[in-house]
Amino acid sequence: MTTTTPVRESVPTSSPGAARGSRRPGRIRRVGLPYLLLLPALLLELLVHLVPMVIGIVMSFKELTQFYIRDWGSAPWSGFGNYRMSVDFNAPVGEALLHSFLVTVGFTLLSVGLCWLIGTTAAVCMQDTFRGRGLLRALFLVPYALPVYAAVITWVFMFQHDNGLVNHVLHDQLHLTDKPSFWLIGNNSFVALLVVSVWKCWPFAFLIVMAGLQNIPRELYEAAALDGAGMWQQIRRITLPSLRPVNQVLILVLFLWTFNDFNTPYVLFGKAAPEAADLISVHIYQASFVTWNFGTGSAMSVLLLLFLLVVTGVYLLLTSRGRRAADV
């Protein structure tokens, strides 16, 4: 009697290395797909922002005037001459740039502060439910929703000396002034510019703060009210600390928008802004496209870019330290 030994069929087994190799193409596709989808946006960002920025930096080192517009690459190389001229505050060019910078700093601080104060106050007042709250919220957002040019042109007509609405109300109806004021020239131009800027930007602060208030639990206010805390104590102890992350981003965005604002003063005053309202954005425009000194204007733009980068970096560093200290 013979016994037969069953023959086992050999099943091919894949090695761990082969399994990893088979999974690698799919993993590469999953990891690379997001970057592939972002590639068109990155290329567009490169063309729209980075390339003109690099060209502007190169132009700042050249004596580029109206004589070299047709072929700006052939303009003579000036090195740091344009930068030295811009920061020489004893010379007319540097003195005018310093004055414009100080006006812009003062204007930005006042505008950002008022926008934040008005927007936060309106957002806090709109938290409680009352009849007509939705309509008021919609009306508050009208200045932010309007096109900039249409809104500012409307203010130009309102600030007219003879038949403007502002002089009609202040002088003819309320009798607060001895005579109609010139709002678009002289020292009053700074006030007019500030009013238009605040009117245009505070709804954005209102919108952001109102969104931040939605994340604060109502139970905190109810517990504080049971403990005897009044409205001001609740705002100080609950609302403002809870809004700190929102306010940090909001103030930075408002600062950058206001400091770089060109549309508002240009539409309000035209190419030549009054000395009291000579913002640095319009000043650089005049240095570049009115006096046809594109090299100096490019140098001023680079200096402005460096200033904003430094201020933004310092602000983010200080706010991050404060946030870590608050968390501890």
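**View 1. Helix 11, end to end.** Helices here are DSSP runs of H or I with at least four residues, numbered from the N terminus, and the expected span of a helix is 1.5 Å times one less than its number of residues. Helix 11 has 16 residues, and its first and last C-alpha lie 22 Å apart, close to the expected 22 Å. Residues buried in helix 11 include Leu250, Leu254 and Phe255; buried means under 20% relative accessible area, with a 1.4 Å probe and protein chains only. This is a predicted model, in which local features need pLDDT of at least 70 and side-chain atom pairs pLDDT 80 or more, while totals for chains, interfaces and linings use all residues. Residues are numbered from 1 along each chain as its sequence is written, and side-chain values use heavy atoms, without hydrogens or water.

**View 2. Aspartate 261 in its loop.** Look for aspartate 261 between helix 11 (244-259) and helix 12 (263-269). What is the nearest side chain of opposite charge to aspartate 261? It is lysine 200, 4.1 Å away, and buried aspartate 261 has no salt bridge; that would take a side-chain nitrogen of Lys or Arg within 4 Å of a carboxyl oxygen of Asp or Glu. The side chain of aspartate 261 does reach the backbone nitrogen of asparagine 263, at 3.4 Å.

**View 3. A group of rings.** Phe262, Tyr266, Tyr285, Phe289, Trp292 and Phe294 form one aromatic cluster. Rings of Phe, Tyr and Trp (its six-membered ring) pair if their centres lie within 6.5 Å; planes under 30 degrees apart are stacked, over 60 edge-to-face and the rest tilted. That rule gives 23 aromatic pairs. In one of them, phenylalanine 289 and phenylalanine 294 have ring centres 5.4 Å apart and planes at 85°, so the pair is edge-to-face.

Key. Helices (H or I, at least four residues) and strands (E, at least two) are DSSP runs, numbered from the N terminus. Buried means under 20% relative accessible area, exposed over 50%, partly exposed in between (1.4 Å probe, protein chains only). Lys and Arg count as positive and Asp and Glu as negative; His and the chain ends are not counted. A polar contact is a pair of N or O atoms within 3.5 Å; within protein, one must be able to donate a hydrogen and the other to accept it, and residues adjacent in sequence count only if both atoms are side-chain atoms.
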